[in-house]
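Subject: Structure handover and findings

Hello,

I am passing a structure on to you, together with notes on what was found in it. Please look it over first and then read on.

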Amino acid sequence: MICTHAFSFGTACSTKLFPKGTIVYSIFATLGAVGILDIQATTNQAIAGIIPNNEIVDSKYLYYCLISEKNKICAKKSHATQDNINLTILRNHEIPLPPLPTQKKIVAILEKAEKLKGWRREADELTDELLKSTFFEMFGDPVKNHNGWKVVKLQDVSEIVSGVTKGRKLSGKEVISVPYLRVANVQDGYLELNEIKLIEVLPSDVEKFALKEGDVLLTEGGDPDKLGRGSVWHDEIPNCIHQNHIFRVRVNKKHLIPEYLSMLIGSPYGKMYFLKSAKQTTGIASINSKQLKNFPALIPPLELQNKLAKIIRQTEQLREQQKQSRQHIDDLFNALMQQAFRGELTT
């Protein structure tokens, strides 16, 4: 059954503690997200609690089934001020319900496939940790700088600029439409380029803000633990520029290699500097151009920096293979779910 404790229009019951094993289903914002409580808990109004009758339906079977049925359920959503799924839609949605022993067989198969997804994630995490360990093995702890390497302000060995400002009034002027990077595209150690938007700018803006191979990209703010978030640009998208909430650092390669600088900034050393320097308000921290320009960059021998860059490029090739493997596993898992709920897995 589905409890109306999380009813979305203010007619919810009094607060109720959901038991362990309750399936929680998002009916606002992240529509269709599903989980299973492993402790007793209450929820806010954006979550529906589904308490299965285990004499009829296996909890894990229902969990997987709701994941599989997400698109069908969300297609019935209400387009009010904010998209939502009301509890009537959820209650009346029909699902395939084979005998309980069959449900358990389906769960066993899907759990094995899900475990494979978990192993893939663990391997990805190990790759990231290996790269961080390699950095510290090669360069030591930057905070202590036992090697006595020269420390300079970042502005002395690079060009640092912010990007184009959105929302400018350009009516009546000649403009062109080009792809641009938003904050969401610049993550911690990688670029998320699945969704790239276009922006209308002046031709002079393209020349001024165009990204080039080797540019180090950094966001100006966000969660405090994400300060120093950034990655290296490798000409992934032609004629791409960046918005003003992203800093572009173009290094002087006589002193710095982009991959080394990106890892230095993203290390605990870099994050500690930005955390101390940042302006913080209500859980959000931000840095400005002056603070970035004053970043104390350690300058190890170029030979060592280039060696790290080579390792990073090899690691990126491995990550691409892992990404393809992850996609293959996800596709396999989704195909298994579709087969399961069409009754094709247990024959």
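The notes below go from the whole chain to its cores, aromatic pairs and helix packing.

This is a predicted model, in which local features need pLDDT of at least 70 and side-chain atom pairs count only at pLDDT 80 or more, while totals for chains, interfaces and linings use all residues. Residues are numbered from 1 along each chain as its sequence is written, and side-chain values use heavy atoms, with hydrogens and water left out.

Overall

The chain has 9 helices and 18 strands (DSSP runs numbered from the N terminus, H or I of at least four residues for helices and E of at least two for strands). Its C-alpha trace spans about 70 × 55 × 35 Å along the principal axes. Of its 347 residues, 43% count as buried (under 20% relative accessible area, with exposed over 50% and partly exposed in between, using a 1.4 Å probe and protein chains only). Among contacts (heavy atoms within 4.5 Å) between residues at least 6 apart in sequence, 73% join residues at least 24 apart.

Cores

A nonpolar core here is a set of buried Ala, Val, Leu, Ile, Met, Phe, Trp, Tyr and Cys residues joined through side-chain atoms within 4.5 Å. The largest one holds 35 residues, and Leu154, Val249 and Phe295 touch the most other members. Two or more residues come from each of α4 (100-139), β11 (216-219), β15 (246-251), α6 (258-266), α7 (268-277), β18 (296-299) and α9 (302-340). The most come from α6, which gives 5 residues.

Beyond its neighbours within four places in sequence, Val249 is in contact with Leu154, Ser158, Glu159, Ile160, Gly214, Asp215, Val216, Leu218, Leu261 and Leu292. There is also a second, separate core of 29 residues, which includes Ile23, Ile27, Leu66 and Cys74.

Aromatic pairs

The whole structure contains 12 aromatic pairs. Rings of Phe, Tyr and Trp (its six-membered ring) pair if their centres lie within 6.5 Å; planes under 30 degrees apart count as stacked, over 60 as edge-to-face and the rest as tilted.

Tyr273 and Phe295 form an edge-to-face pair, 5.4 Å centre to centre with 75 degrees between the planes. Tyr273 lies in helix α7 and Phe295 in the loop between α8 (289-293) and β18, so this pair ties together parts 22 residues apart in sequence. Tyr273 counts as buried because its relative accessibility is 18%, and Phe295 is buried at 0%.

Phe274 and Phe295 also pair: the centres are 5.5 Å apart and the planes at 10 degrees, so these rings are stacked. Here the link runs from Phe274 in helix α7 to Phe295 in the loop between α8 and β18, 21 residues apart. Both Phe274 and Phe295 are buried.

The buried residues of α7 are Tyr269, Gly270, Lys271, Tyr273 and Phe274, and they pack against α6, α8 and β18. Elsewhere, ring pairs link Phe135, Phe136, Phe139, Trp149 and Tyr260 into a cluster.

Helix packing

Axes are lines fitted to C-alpha atoms, for helices over the stretch in contact, and angles run from 0 to 180 degrees between N-to-C directions. Angles under 35 degrees count as roughly parallel, over 145 as roughly antiparallel, 65 to 115 as roughly perpendicular and the rest as oblique.

α4 and α9 pack at about 170 degrees with their axes 10 Å apart, and are therefore roughly antiparallel. The residues of this contact divide into 19 nonpolar, 6 polar and 9 charged (Ala, Val, Leu, Ile, Met, Phe, Trp, Tyr, Cys and Pro count as nonpolar, Asp, Glu, Lys and Arg as charged, and the others, Gly among them, as polar).

The axes of α4 and α6 come within 11 Å and cross at roughly 100 degrees, so α4 and α6 are roughly perpendicular. Leu131, Lys132, Phe135 and Phe139 of α4 meet Tyr260, Met263 and Leu264 of α6 in this contact. By class, the contact has 6 nonpolar, no polar and 1 charged residues.

Two single residues

Ser68 lies in helix α1 (residues 59-68) and, at 13% relative accessibility, counts as buried. Not counting residues up to four places away in sequence, Ser68 touches Met337, Gln338 and Phe341.

Ala184 sits in the loop between β9 (176-181) and β10 (197-201) and is partly exposed, at 39% relative accessibility. Ala184 and Trp149 are 35 residues apart in sequence and 34 Å apart in space, C-alpha to C-alpha.

Regards
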